[in-house]
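Open the model in your viewer and keep the selection panel at hand. The stops below say what to select next and what is there.

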Amino acid sequence: MPTPLVVSEVAKTFTMHLRDGIELPVVDGVSFALRAGECAVLGGPSGAGKSSILKMLYGNYSVDTGQIIVQHQGRLVDIAAAAPRTVLGVRRHTIGYVSQFLRTLPRLAALDIVAEPLTARGVAAAKARDKAAGLLSRLNLPEKLWSLPPATFSGGEQQRVNIARGFITDHPVLLLDEPTASLDAKNREVVIALIAEKKQADVALLGIFHDADVREAVADRIIDVTQFAMNRRVS
Amino acid sequence: MTPDHDEPLLRVSGLSKFYGARVGCEDISFELWPGEVLAIVGESGSGKTTLLNCLATRLIPSSGNVSYRMRDGEMRDIYRLSEAERRFLMRTDWGFVHQNPADGLRMTVSAGANVGERLMAVGERNYGSIRGTATDWLGRVEIAADRVDDEPRAFSGGMRQRLQIARNLVTHPRLVFMDEPTGGLDVSVQARLLDLLRGLVADLGLSAIVVTHDLAVARLLSHRMMVMKDGRVIEHGLTDRVLDDPHAPYTQLLVSSILQV
């Protein structure tokens with residue numbers, strides 16, 4: 001099986017033009033590869049650049065130098081240099097992302113938000129909703145909430161909608177930005193099981209988990225981000 | 001709809017428009033692909049509406065080229081179409097949603113006729129089928145069937161805007177231009193309209209170019225965005241990249257100026 005994702009010599013600095021152009025170095029020399037069927041975890045203290053690395057892999061942050069090579073539909077794509085529509089294609093089919101917070105759309109029902117990544121790939125609406133319902137019930141989201149827009153849900157409920165949406169597809173690479181941050185123990189166990197199933201299905205996972213129990217349970221290895229840190233911002 | 005086709009729908013190169021010595025927009029180049037929604041953002045006077053009007057052939061640019069892939073697959077220079085070809089394009093394959101619905105509607109004919117008129121322009125003649133299609137479209141934009149015979153004068157601003165959208169989409173255009181589609185509407189009405197537009201664009205696989213000064217509109221509707229200032233594009237990229245990691249000083253100012261609620 002080919003390596004699904006290779007990151008080499010990636011560097012990123014923020015330039016704050018509104019504050020006299022001061023530069024905030026984030027990371028430098030980020031290099032690692034993800035294997036299919038493993039869950040690697042980004043480790044390091046807050047502010048070390050873990051989230052920024054995930055965002056660069058997803059094309060949400062730009063990359064100053066270096067390459068992020070992903071196996072996308074039988075060819076290699078460098079996310080760091082790809083055109084926007086190529087990045088959108090990679091997101092649709094190859095790299096999935098579970099963010100910390102759900103960005104809610106005003107009036108969409110929770111069930112449709114979860115089903116959307118499947119319908120966007122051409123899966124029939126009924127089938128996509130079935131699968132969405134299965135995930136939401138595994139994550140113990142009360143069925144009476146499924147038809148409601150999640151804007152008024154609690155943090156934990158929103159996060160479960162977000163997790164279901166992230167796990168519903170069979171993207172070969174899955175990025176997880178603290179998916180368990182506001183979950184109770186029972187639902188953390190569900191997420192641990194979902195991650196184990198993704199590994200079984202040869203998905204390459206890369207995550208950030210502040211919760212030590214979850215990290216222990218899912219991590220095959222830790223990538224220490226402090227080795228990529230440039231001279232830290234303040235300090 | 002996947003934007004993974006091998007030909008763009010629209011190719012713009014070196015487009016400039018001057019009003020005498022004053023710059024409207026200058027040296028604009030980009031491609032739009034099928035199924036893509038592009039937002040053009042910037043302040044009043046940044047040139048975004050001038051650019052939109054040039055693209056929609058409502059203004060003739062001072063220099064530059066715009067070619068469009070016609071339904072037969074041929075790329076054509078839109079400024080060299082015959083008047084008949086251009087009108088056919090405007091009535092069928094393109095839509096234009098104005099900020100003020102009164103500019104895009106006929107205010108003194110019924111809602112149903114406003115939608116039906118575009119169908120007649122493409123040759124539909126059967127009254128029953130026109131009325132049926134019009135009523136169906138009013139439903140899709142959440143206007144109740146019992147309002148089909150009312151004039152838009154009797155509609156609220158939000159309803160008028162939804163009617164204008166139905167009028168534009170009834171011929172299944174492939175490209176829709178929108179000029180501040182949610183401008184001038186109450187916030188709750190805006191949210192409903194945005195949600196509706198987003199659903200329609202996705203369901204129909206439309207390409208759209210949306211001019212807005214509202215970054216939240218760009219975030220919700222668009223895949224890509226261009227930031228304009230003083231007639232030029234100063235930043236261009238994936239919408240969430242531009243908003244979450246803005247590079248140009250002006251884009252950083254725009255993004256940091258959003259009020260957090």
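**Stop 1: a salt bridge within chain A**

Select A:Arg221 and A:Glu38: their side chains meet in a salt bridge, with N to O at 2.8 Å. Keep in mind that this is a predicted model. A:Arg221 belongs to strand 9 (residues 221–224) of chain A, while A:Glu38 sits in the loop between strand 2 (22–34) and strand 3 (39–43) of chain A, so the pair ties together parts that are 183 residues apart in sequence. Over all chains, the count comes to 29 salt bridges. Side chains of opposite charge can pair when their charged atoms come close.

**Stop 2: two helices of chain A**

Next, select helix 5 (residues 155–167) and helix 6 (residues 185–200) of chain A. Their axes come within 12 Å and cross at roughly 10°. Angles under 35 degrees count as roughly parallel, and helix 5 of chain A and helix 6 of chain A are therefore roughly parallel to each other.

Show the side chains where the two helices meet. From helix 5 of chain A, pick A:Arg160, A:Ile163 and A:Phe167; these meet A:Asn187, A:Val191, A:Leu194, A:Ile195 and A:Lys198 of helix 6 of chain A. Coloured by residue type, the residues of this contact between helix 5 and helix 6 of chain A divide into 5 nonpolar, 1 polar and 2 charged.

**Stop 3: the interface of chain A and chain B**

Now display both chains. Chain A brings 22 residues to the contact and chain B brings 28 residues. About 2200 Å² is buried between chain A and chain B, and carbon and sulfur atoms give 51% of that area. On the chain A side, select A:Leu18, A:Arg85 and A:Arg107: these lose the most area to chain B, together 30% of what that side buries.

Then look for the polar links across the interface. Between chain A and chain B there are 9 residue pairs in polar contact, both residues at pLDDT 80 or more. The interface of chain A and chain B also holds 3 salt bridges. For a salt bridge between A:Glu116 and B:Arg198, select their side chains, which meet at 3.6 Å, N to O.

Finally, colour chain A by secondary structure. Strand 1 (5–16) and helix 2 (84–93) of chain A each supply at least two residues of the side of chain A that touches chain B. Helix 2 of chain A gives the largest share of that side, 6 residues. By type, the residues of the side of chain A that touches chain B divide into 10 nonpolar, 5 polar and 7 charged.

Methods. Residues numbered from 1 in each chain as written. Chains lettered and ligands numbered in written order. Predicted model: local features only at pLDDT ≥ 70, side-chain atom pairs only at ≥ 80, totals over all residues. Heavy atoms only, no water. Contact = heavy atoms within 4.5 Å. Buried area = accessible area lost by both parts, 1.4 Å probe. Salt bridge = Lys/Arg side-chain N within 4 Å of Asp/Glu carboxyl O. Polar contact = N/O pair within 3.5 Å; in protein donor to acceptor, adjacent residues only side chain to side chain. Helix = DSSP H or I, 4+ residues; strand = E, 2+ residues; numbered from the N terminus. Nonpolar A, V, L, I, M, F, W, Y, C, P; charged D, E, K, R; others polar. Axes fitted to C-alpha atoms, helices over the stretch in contact; angles between N-to-C directions. Parallel < 35°, antiparallel > 145°, perpendicular 65-115°, else oblique.
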